[in-house]
Amino acid sequence: MRDSGAVLVINSGSSSLKFGLYVEHSGQETVRFKGSANHIGAEEGRLVLKDGEGRQVRAVDVRHPSQEDAFREAVRHLEEAGGGQPRAIGHRVVHGGPRLRQHQALTPEVLKTLEDATHFAPLHIPPALALIRAAQARYPGVPQFACFDTAFHATLPPVASTLALPRAVRDQGVQRYGFHGLSYESIVARLAPSVPARTVVAHLGNGASLVALEQGRSVDTSMGFTPTGGIPMGTRTGDLDPGVLVYLLRTGGLDAEGLEAMVNHDAGLRGLSEGTSDMQALTRDAAAGDAAATLAVEVFTRSIAKTVGAYAAVLGGLDLLVFTGGIGENSASVRQRVCATLGHLGITLDARRNDEGAEVISSQASVCPVRVLPSDEEGQLARHTRRLLRG
């Protein structure tokens, strides 16, 4: 099969798979094809493939029992559309444990280290390994690379990364790692070369976190040892009093696996609303007077505002607030609710621009600009993969 000179990037989520084929033009990574497979593991699924201009070239209803099945279906459609064999493959890996904190080639040694780190992220590392093996089987001999979401946060100072636990526990690698690193990297790349000195980015989606950036470097972030920590999310608790977990272990009839399932899949907005984690549905139901939906939205937005305020304290002020991610980019209501409580930081919104989803949504009177910027994890994956390929 012809080598296309393109890099294939694979970005797996809990129930979705995003992928893209990128070629280099004038030193920039340009999308040739981009797609997604949704509802992985459900009875019904859908795969969509678009070309570099955003035109839909494939849309098929197809069930994907696993990430590997979705990957095989995705590359089949890519090849039928004329993608050719990739020159290299880049994988987003959520967590690499304490020893894998830099983007790097997937050598046998790195794969073994990743396997040994499974207990740091048992929900994320095994599916990532399965997807890597599927890609290696499909494209033997093609260089493959891992890009870790935790790598961006390797700059966290000890005061931010250290958890208040005994040294014997901390020596096992129990610390704050931070996640959504590729998303945050893409925002910094978008802002470059003029990245404000004191920036807070809110990546708001089904998984949600915030980061405090000092001169574009991560100095604090809301997610911690795992992607379950921080602010409440679609189905994840966010930070909890540890006593709650001890209480549930003692009295709730839950073992470690049951507890893990609850805090990751049955909590957050879904638990608060008693049914849904969909922000569009929640804001609609809240506007109609639904008490549970109102509480869910208010807990979510208050937690975001509290974290922005805390990071303004960490940074000694705030020069820019950025919203990104599916909710951050698309929910004017969430942005309005968050910013309504941040007037003491000099933030005021332009209601019309916010409703329209403009890039700059702060008013002319706002001391601190507020922007809405799209996350581009796949583009960031492509840039890292090409750089690593060249050594």
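Start with the open sheet: 5 strands in the order 11-10-9-12-13, with mixed pairing. Strands here are DSSP E runs of at least two residues, helices are H or I runs of at least four, and both are numbered from the N terminus; two strands pair if DSSP finds at least two bridges between them. Strand 11 (217-221) and strand 13 (370-372) sit at the edges with a single partner strand each, so one side of each has no neighbour in the sheet. On average, neighbouring strands of this sheet are turned by 25° against each other, direction ignored. (Axes are lines fitted to C-alpha atoms, for helices over the stretch in contact, and angles between N-to-C directions run from 0 to 180 degrees.)

Before you go on: this is a predicted model, in which local features need pLDDT of at least 70 and side-chain atom pairs count only at pLDDT 80 or more, while totals for chains, interfaces and linings use all residues. Residues are numbered from 1 along each chain as its sequence is written, and side-chain values use heavy atoms, with hydrogens and water left out.

**Into the sheet**

Select strand 9 (residues 198-204) and strand 12 (residues 320-324): they run parallel, joined by 5 bridges. Val200 stands opposite Leu321, and the bridge partner of Thr199 is Leu320. Contact means heavy atoms within 4.5 Å.

Is strand 12 enclosed or open to the outside? It is largely enclosed by the rest of the structure, because 5 of its 5 residues are buried. (Buried means under 20% relative accessible area, exposed over 50%, and partly exposed in between, with a 1.4 Å probe and protein chains only.) In a regular strand the side chains alternate between the two faces of the sheet.

**The cores**

Next, show the side chains of Leu204, Phe300, Ile304, Leu321 and Phe323. Of the 56 residues in the largest nonpolar core, these touch the most other members. Such a core is a set of buried Ala, Val, Leu, Ile, Met, Phe, Trp, Tyr and Cys residues joined through side-chain atoms within 4.5 Å. Helix 11 gives the most to this core, with 10 residues. Centre on Ile304: beyond its neighbours within four places in sequence, Ile304 is in contact with Leu204, Leu210, Ile231, Val334 and Val338. A second, separate core has 23 residues, including Ala6, Leu131, Ala134 and Val142.

Pick Asn354 in helix 14 (residues 351-356). Asn354 is buried, at 2% relative accessible area. Leaving aside neighbours within four places in sequence, Asn354 is in contact with Ala332, Arg335, Gln336, Leu349 and Ile361.

For a contrast, jump to Asp239, in the loop between strand 11 and helix 7 (242-251). Asp239 is exposed, with a relative accessible area of 55%. Not counting residues up to four places away in sequence, Asp239 touches Thr228, Gly229 and Gly230.

Strand 4 (residues 46-51) and strand 5 (residues 56-61) run antiparallel, joined by 5 bridges. Val48 pairs with Ala59. They form a hairpin with 4 residues between the strands, and Gly54 in the turn has a positive phi of about 85°.

Most residues other than glycine have a negative phi, and most peptide bonds are trans.

- His39, in the loop between strand 3 and strand 4, has a positive phi of about 60°.
- Gln215, in the loop between strand 10 and strand 11, has a positive phi of about 55°. Gln215 counts as exposed, at 57% relative accessibility.
- Ala192 and Pro193 are joined by a cis peptide bond, with omega about 5°; Pro193 lies in the loop between helix 6 and strand 9.
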